[in-house]
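Biologist: Before we discuss the contacts and surface of this protein, please show me the sequence and the structure.

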Amino acid sequence: MYKMSMMPMFTAEAIHECVEAMAGQIRRNYEFDVVVGILTGSFIFVSDLCRYFPRQDLQIKFIKASSYCDEMRPGELEVSGLDLKELAGKRVLLIDDILDTGRTLKCLSEKIRAAGAAAVKTCALLDKPSRREVEFQADFTGFKIEDKFVVGYGLDYAGEYRTFPDIWSLEEE
Ligand code: XMP
């Protein structure tokens, strides 16, 4: 069984400051046509971040990525919910809630490039560098964290905790 930590790891206020700072950094460094959010954990981060990009022409899309259960393709992802051909010729900002082993963002960004995107840059609110299993660094990251399981602000444990405004770590009881 797990319980929430005594104190939030990041309060809603700290998260919002971080998101605003990330938006500024992205705006200064990358011109993009489409935001692609990875479901489900990034949905709150994507909606907060995108409000710092008030542009009539900005497209928002979401994609679902799940690991293959097939042992012949370890680390490969099955994507659904978006036809990657829609991204051909576009400059894409690919967004996840958390960068952990690195497999999701690495594999998805490669697939989007292979589908003919003009450019792909990646963004994650949280980064757990000690957990990396493949060589990968996102272009834009918010908080670096230790190897703890976190919930809230869109992140879940077994589908729960997503709507908590702060980010909490879960600890074994
Ligand atoms: P990889 O390992 O591919 O994983 O970089 C990224 C995905 O793993 C999930 N993940 C978490 N979800 N709390 C969560 O709620 C966590 O601490 C956590 N660590 C990894 C998440 O779905 C992310 O998109």
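Modeller: In this predicted model, the side chains of E31 and R91 meet in a salt bridge, at 3.7 Å from N to O.

Biologist: Why is the contact between E31 and R91 called a salt bridge?

Modeller: The cut-off is within 4 Å between a side-chain nitrogen of Lys or Arg and a carboxyl oxygen of Asp or Glu. The pair E31 and R91 has an N to O value of 3.7 Å, so the contact qualifies.

Biologist: What makes this pair a tie between separate parts of the chain?

Modeller: E31 lies in the loop between α1 and β2, whereas R91 lies in strand β5; the pair therefore ties together parts that are 60 residues apart in sequence. E31, D33 and R91 are also linked in a network of salt bridges.

Biologist: D127 forms a salt bridge with K144, the closest N and O atoms being 3.8 Å apart. Why is D127 called buried?

Modeller: Buried means under 20% relative accessible area; D127 has 5%, so D127 counts as buried. K144, at 59%, is over the 50% limit and therefore counts as exposed.

Biologist: Why is Y157 called partly exposed?

Modeller: Its relative accessible area is 34%, which lies between 20% and 50%, so Y157 is partly exposed. Together with Y2 and F149, Y157 forms a nonpolar patch on the surface.

Technical notes:
Residues numbered from 1 in each chain as written. Predicted model: local features only at pLDDT ≥ 70, side-chain atom pairs only at ≥ 80, totals over all residues. Heavy atoms only, no water. Patch = residues over 30% accessible without salt bridge, like charges linked within 9 Å, V, L, I, M, F, W, Y side chains within 5 Å. Areas by Shrake-Rupley, 256 points an atom, 1.4 Å probe, with all protein chains shown as cover. Buried < 20%, exposed > 50% of the residue type's maximum accessible area, 1.4 Å probe, protein only. Helix = DSSP H or I, 4+ residues; strand = E, 2+ residues; numbered from the N terminus.
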